[in-house]
Amino acid sequence: MTSPSDKRASGNPAKQAQIDLTVKQQREQKRQEKLAEYQKQMARRKRGKLVWWVVGSVASIAVIGLVVASFVFAPAPAPSYEAGNSTGQEIGGVQTFENRSDHVQGTVTYEQNPPAGGPHNPYWLNCGVYTEPQANENAVHSMEHGAIWVTYDPARVDEAGIDALKAVMPSSYVILSPYSGMDTAVAVSGWNHQLKVDDPADPRIKDFFTEFWRSQNVPEPNASCSGAIDGPGKA
């Protein structure tokens, strides 16, 4: 008669080792295997969370960097002047004229170069920055509405000089355009007033805006500086 131990005997060593494990040992082994697999899964999840945390942090830093850069590198806002702020301030070099303000057709021969008022076309030039010369007759009409016309000799004013002019220009009621044949590099003209300078960064240009921009002494104060004609090269 064979004993139970004889029935479990096997000629295969691996099989024999498995048979020798008790039921309790087998359960414990399975529990340890499940625990090890669970620990592996948790480790993978932690690594995944860490990766997403890093990615999220980098993305957040990038967004913050873009926001900061948008403020740091954004163009400076246009300077603000008080409309009709004429105080009678004496600005060195400013010339004063007396000009007619009637509407005419065709080309006009002006007494000043560039003109600082006079007969002009019935349609005004829309205010803004232009890269090409503009018709005197339309720009003069804009000055009749209180706009300032900033002209520069393209042969004597480079891009840096143009940027210096833009830096003191308000956001409206101003025209910037090249103008060949002037006797100075820059001329800043309002109705019946004009300042000519050789340096685009001359501080008197800003003083001129303070005194004459949207002056209430022009023939048609507060009239529009848009809605009419866009000249060539409108930026």
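Leaving aside neighbours within four places in sequence, with which residues is T151 in contact? The structure is a predicted model, in which local features need pLDDT of at least 70, side-chain atom pairs count only at pLDDT 80 or more, and totals for chains, interfaces and linings use all residues. Residues are numbered from 1 along each chain as its sequence is written, and side-chain values use heavy atoms, with hydrogens and water left out.

T151 lies in strand 3, residues 148–152 (strands are DSSP runs of E, at least two residues, numbered from the N terminus). Its contacts (heavy atoms within 4.5 Å) are P114, S177, Y179, M182, A185, V186 and A187, with neighbours within four places in sequence set aside. T151 is buried, because its relative accessibility is 1% (buried, under 20% relative accessible area; exposed, over 50%; partly exposed, in between; 1.4 Å probe, protein chains only).

Five salt bridges were counted (a side-chain nitrogen of Lys or Arg within 4 Å of a carboxyl oxygen of Asp or Glu). One of them joins K196 to D183, with the closest N and O atoms 3.0 Å apart. This pair links distant parts of the chain, 13 residues apart. K196 sits in strand 6 (residues 193–197), and D183 in the loop between strand 4 (174–178) and strand 5 (186–190). K196 is partly exposed at 22%. D183 is exposed, with a relative accessible area of 55%.

D102 pairs with R100 at 2.6 Å between the closest N and O atoms. D102 is partly exposed at 28% relative accessibility, whereas R100 is exposed at 54%. K234 forms a salt bridge with D230, the closest N and O atoms lying 3.1 Å apart. K234 counts as partly exposed at 35%. D230 is likewise partly exposed, at 48%.

Conventions:
Helices (H or I, at least four residues) and strands (E, at least two) are DSSP runs, numbered from the N terminus.
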